[in-house]
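Here's a quick briefing to read alongside the coordinates.

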Amino acid sequence: MAELRKVLHVDDDEDIRVIAKMSLEVVGDLAVHQCSSGMQAINEADAAKPDLFLLDYMMPGMNGEETLRGLRQIPGLENVPVIFMTARVQPDVSEALKRDGAIEVIAKPFDPMELCDQLRQAWARL
Amino acid sequence: MGRKISAQSLYQMVIWATIILGMVLSIGTILHQPMGLKGLRTITPAFSLDQIIVYGLLISVLVLALNRRNQIMKLQSRLLEQQAREYGLQERAMNAHAIVSITDPNGKIISVNDNFVTAMGYDRADLIDQSINMIYWNGPDDAIFNAAHARSKSGAVWSGENILRRSDNAKLIMQCTIVPLHDKQGRHVKNMTIRTDITESRKAEADRSLKVLLDNLHDEVYIYDADSLDMRYANFSAMARCEWTRESLPAKNIADSDPSFNLKVFRAHVAPLFSGHAETVTFDVAQKKGQVEIKTRLYTDEKGERMFVSVLRDTTERKKLERAKLETVSVVSHELRTPLTSIKGALRLLKSGKVGPISDAAKTMLDIADRNSERLLLVVNDILDLEKIKAGKMKFDLAPADLVNFLRDAVAMNKGYGDEQNVSFAFETPLAKATANIESNRMMQVLSNLMSNAAKFSPDGGVVRISLEHKGKSWRIGVTDNGPGIPDEARGTIFESFTQLDNVDGIKRSGTGLGLTISNKIIRAHGGRIDYQSEIGKGTTFFVDLPAPAEDDQSGSSCPQGIAAE
C-alpha cells in the first residue's frame with residue numbers, strides 16, 4: 001500500500017478543524033484538505049483527491065455516514081478508506097461503523113500528538 | 001330409722017314450742033281473754049299470771065336470739081367454706097392457665113409455678129433465689145423491668161407487656177401483671193407476678209397484617225415451590241393478571257403465570273440462588289402490557305421446604321424515563337466533549353512546543369489546564385457510564401477468562417499511573433489459573449479504578465498489593481494499600497455517587513467520586529460483590545468476589561443476558 005499523504009477532514013466545529021489541521025500537518029507531516037460540512041466535502045473531494053477520509057460522525061445536516069455515502073458515489077473515490085471521529089463513545093456505535101467499512105473509529109477528545117500515529121497505524125493495517 | 005327424731009330436730013321443736021307458748025300467752029293477755037289458765041295458777045302458785053307472761057316473752061326472745069345467732073354462724077361458716085373452695089379453684093385455674101412467680105420486693109425469686117418452669121425452660125432449682133431480671137430480655141438493664149418494679153415498690157399494681165428471654169435465648173412476649181402483697185402491718189413483703197404468653201398471638205397478628213398488606217400490594221407477588229414450581233400463594237394483583245382464583249390457585253404452577261414462560265431460561269436465571277452466588281436475581285421481561293421487572297429470592301419456609309418468592313413490578317414508565325434520561329445525558333456528554341476536544345487539543349499542541357517555544361512558567365500553567373480538562377472529561381465519561389448501567393444499556397458479554405493473566409495485564413496497564421504517583425503494584429497469587437466469566441473491558445475498568453484509588457491513597461514510594469485467592473464458591477481479588485484507611489462513618493456512603501474521601505488525612509485527591517459506584521454496579525452485573533476492610537492509619541483492602549464456575553464447568557458458560565444478580 002502506498003504511503004498515506006493526504007487526508008480529507010470533515011468536521012463542523014471550526015476549533016476542532018484548527019487543532020486537527022495543526023496535528024496532522026505540523027505533528028504528522030500530512031497534507032490536509034478540510035471541509036465544514038458533508039455537502040462541501042462531496043463538492044470538493046474529487047479535486048482534493050485524498051488518500052483517506054477522516055469524518056466527524058455527528059454533524060448537523062448530513063452526518064458522517066451520509067457524507068460517506070455521498071463520497072462513495074464519486075467516481076474514483078469508491079474505495080478510499082474512511083476513519084470516523086466521534087464524541088459518542090458507545091461501543092455499539094463504533095462496532096456498527098466498523099461493520100460499515102470504517103478502518104478505525106477515533107474517540108473525541110483525541111490527542112493531537114497521537115492522531116497522526118493512529119491514522120498511520122490504521123492505514124498500515126490495510 | 002326414718003322416723004327417728006334427731007337431737008337437732010328435738011332441739012328445734014323445743015325452741016319452737018317455747019316460742020309458740022310464750023307468744024300465745026302474750027297475745028292472750030294482750031287481748032284480755034284468759035284461756036283457761038287457772039290450772040297453771042294452781043300448779044305454779046309462786047308466780048302471778050302476769051309474771052308468767054313476762055318471763056315467757058323474755059324466754060321466747062332469748063331463745064329466738066340464740067337461734068338466730070346460731071343460724072348466722074352456720075351461714076358464715078358455709079360462706080367461708082365456699083370462699084375457700086372458690087379460692088382453691090381460682091388458684092388451680094390460675095396455675096393451670098398463667099405463668100406465676102412470687103418474688104421478694106427486690107425481685108429475688110421465692111417460688112414459681114409449673115407453667116413458669118415449662119415456659120422459661122429453666123430448672124426450678126436454677127430459678128429460686130435468683131433475681132427475676134434474669135428472664136427479662138435486657139437483663140438488669142431492662143427498662144420495663146425497672147419501671148414495673150419501681151411501681152410495685154410504691155404499692156401499686158403494674159400491668160403491661162414485657163419481653164422475656166427463654167433459656168435457649170428465644171424471645172417471648174408476655175402480658176404481665178405484678179401485684180405487690182403486704183402483711184398485716186402494711187409492709188411490702190412479696191410480689192406476685194402473673195404472666196400470659198402472647199408470643200404466638202402477636203406473631204399471628206403480625207402475620208395477618210403482613211398477609212393483608214401482601215394481598216393488597218400493587219406489585220404482583222408469587223410464592224411457589226422451588227422444585228415443582230407449584231403455586232402456594234399469589235396476591236390479588238397476581239391473581240387478577242393471571243385470572244386465577246383462591247380456589248384454582250393450588251392447582252396452578254408458576255409456568256401458568258405467563259404464556260411465554262420458558263422453564264429452561266427460568267432455571268438458568270435462578271441458578272445463582274441455589275449456588276449461593278446471589279440472594280436475589282432480577283429479570284427484565286417484555287410482556288404484552290409492557291416492560292416488567294421480576295425479582296426472585298429463595299427461602300426455606302417453616303416446614304423446611306424451599307420456596308421461591310417472586311415480585312413482579314411494571315417498569316414500563318421507569319424504563320421510559322431512564323431511556324429519556326440516558327438520551328439527555330448522552331447529548332450533554334457529546335456537547336461537552338466537543339469543546340473539550342478543542343481545549344485539550346490546543347493545550348497538548350502548546351505543551352508539545354510544536355506551535356512555538358514556551359517558558360517553564362507557561363508550561364506549568366498549561367499542565368494545570370491540561371490536568372483539569374482531563375478531569376472534566378473523566379467526570380463526563382463516568383456520568384455517561386453510570387447512566388448507561390442504570391438504563392441497562394451497558395452490555396455485559398461475559399466470557400471465560402483467566403483471572404491470573406487478567407490481573408497481570410491490569411498491573412501492566414496501570415503501571416503508568418502508579419509511576420506518576422510514585423507507587424508500585426505487586427501481584428501475588430498461589431493460583432496458576434482461575435477461570436471466571438467476565439466482560440474484560442468492564443472488569444479492567446473496575447481494576448483500574450481500585451488500583452488508581454489505592455495508589456492515590458498510598459504513601460510516597462508505597463506498594464499496592466494485588467491478590468487472588470479461592471474463597472468458597474468465589475474467586476477473591478484483593479487490592480491493598482497502606483493508606484490512611486476509611487473511617488467507619490463512610491461505610492454507608494462509599495459506594496454512592498459523588499462520595500470522595502478527601503478529609504481522611506487532610507489531603508485532597510482528584511477523582512470524580514463515581515468510580516466505586518460504577519465498579520459496584522459492574523461487579524453486580526457479574527453476579528459478584530465488592531466490599532472492603534479498612535483500619536484507620538494502617539490501610540484498606542478492597543476485594544471483589546466473582547463466581548467461580550463449578551469444577552466440572554471450568555470452561556465457563558455465558559451468563560444469560562438481561563439478568564442482574566444482587
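A contact here means heavy atoms within 4.5 Å. By that rule, E469(B) touches L431(B), S474(B), W475(B) and R476(B), leaving aside residues up to four places away in sequence. Keep in mind that this is a predicted model. Chain B has 14 helices and 18 strands, and 39% of its 566 residues are buried.

- E469(B) sits in strand β14 of chain B, which covers residues 463–471.
- With a relative accessible area of 37%, E469(B) is partly exposed, because that class runs between the 20% limit for buried and the 50% limit for exposed.
- T196(B) is 273 residues from E469(B) in sequence, and the two C-alpha atoms are 54 Å apart.

**The five-stranded sheet**

- In chain B, 5 strands make an open antiparallel sheet, ordered β2-β1-β5-β4-β3.
- Its edges are β2 (109–112) and β3 (158–165) of chain B, each of which pairs on one side only.
- On average, neighbouring strands of the sheet are turned by 30° against each other, direction ignored.
- Helix α6 (residues 143–153) of chain B packs on the sheet and touches β1, β3, β4 and β5 of chain B, with its direction at about 145° to that of β3(B).
- Helix α7 (residues 199–215) of chain B packs on the sheet too, touching β3, β4 and β5 of chain B, and its direction makes about 135° with that of β4(B).
- Strand β1 (residues 99–103) of chain B is joined to β2(B) by 3 bridges, and the two run antiparallel.
- Within that pairing, T103(B) stands opposite I109(B) in β2(B).

**A loop glycine**

- Where does G528(B) lie? G528(B) is in the loop between α14 (515–525) and β16 (529–535) of chain B.
- G528(B) counts as buried because its relative accessibility is 11%, and the limit is under 20%.
- G528(B) touches I523(B), D545(B) and P547(B), not counting residues up to four places away in sequence.
- L546(B) is 18 residues from G528(B) in sequence, with 4.5 Å between the C-alpha atoms.

**Salt bridges within chain B**

- Over all chains, the structure holds 37 salt bridges.
- E205(B) and R202(B) form one of them, with the closest N and O atoms 3.7 Å apart. The two are separated by about one helical turn, because they are 3 residues apart in helix α7 of chain B.
- E374(B) and K344(B) meet through their side chains in a salt bridge, 2.5 Å from N to O. This pair links distant parts of the chain, with E374(B) in helix α11 (residues 360–390) and K344(B) in helix α10 (residues 316–352) of chain B, 30 residues apart.
- E374(B) is partly exposed at 31% relative accessibility, whereas K344(B) is buried at 6%.
- D367(B) and K363(B) also form a salt bridge, at 3.6 Å from N to O. Being 4 residues apart in helix α11 of chain B, these two are about one helical turn from each other.
- D367(B) is partly exposed at 24% relative accessibility, and K363(B) is partly exposed at 34%.
- Salt bridges that share partners join D111(A), K344(B), R348(B), K351(B), K363(B), D367(B), D370(B) and E374(B) into one network.

**Where the chains meet**

- Chain A and chain B each contribute 20 residues to the contact.
- Together they bury about 1,800 Å², with 71% of it on carbon and sulfur atoms.
- How many salt bridges cross the interface of chain A and chain B? The rule finds 1.
- R348(B) forms a salt bridge with D111(A), with the closest N and O atoms 2.6 Å apart.

Terms used
Residues are numbered from 1 along each chain as its sequence is written. Chains are lettered from A and ligands numbered from 1 in the order in which they are written. This is a predicted model: local features need pLDDT of at least 70, side-chain atom pairs count only at pLDDT 80 or more; totals for chains, interfaces and linings use all residues. Side-chain values use heavy atoms; hydrogens and water are left out. Two strands pair if DSSP finds at least two bridges between them. Axes are lines fitted to C-alpha atoms, for helices over the stretch in contact, and angles run from 0 to 180 degrees between N-to-C directions. Buried area is the accessible area (1.4 Å probe) that two parts lose on being put together, summed over both. A salt bridge is a side-chain nitrogen of Lys or Arg within 4 Å of a carboxyl oxygen of Asp or Glu. Buried means under 20% relative accessible area, exposed over 50%, partly exposed in between (1.4 Å probe, protein chains only).
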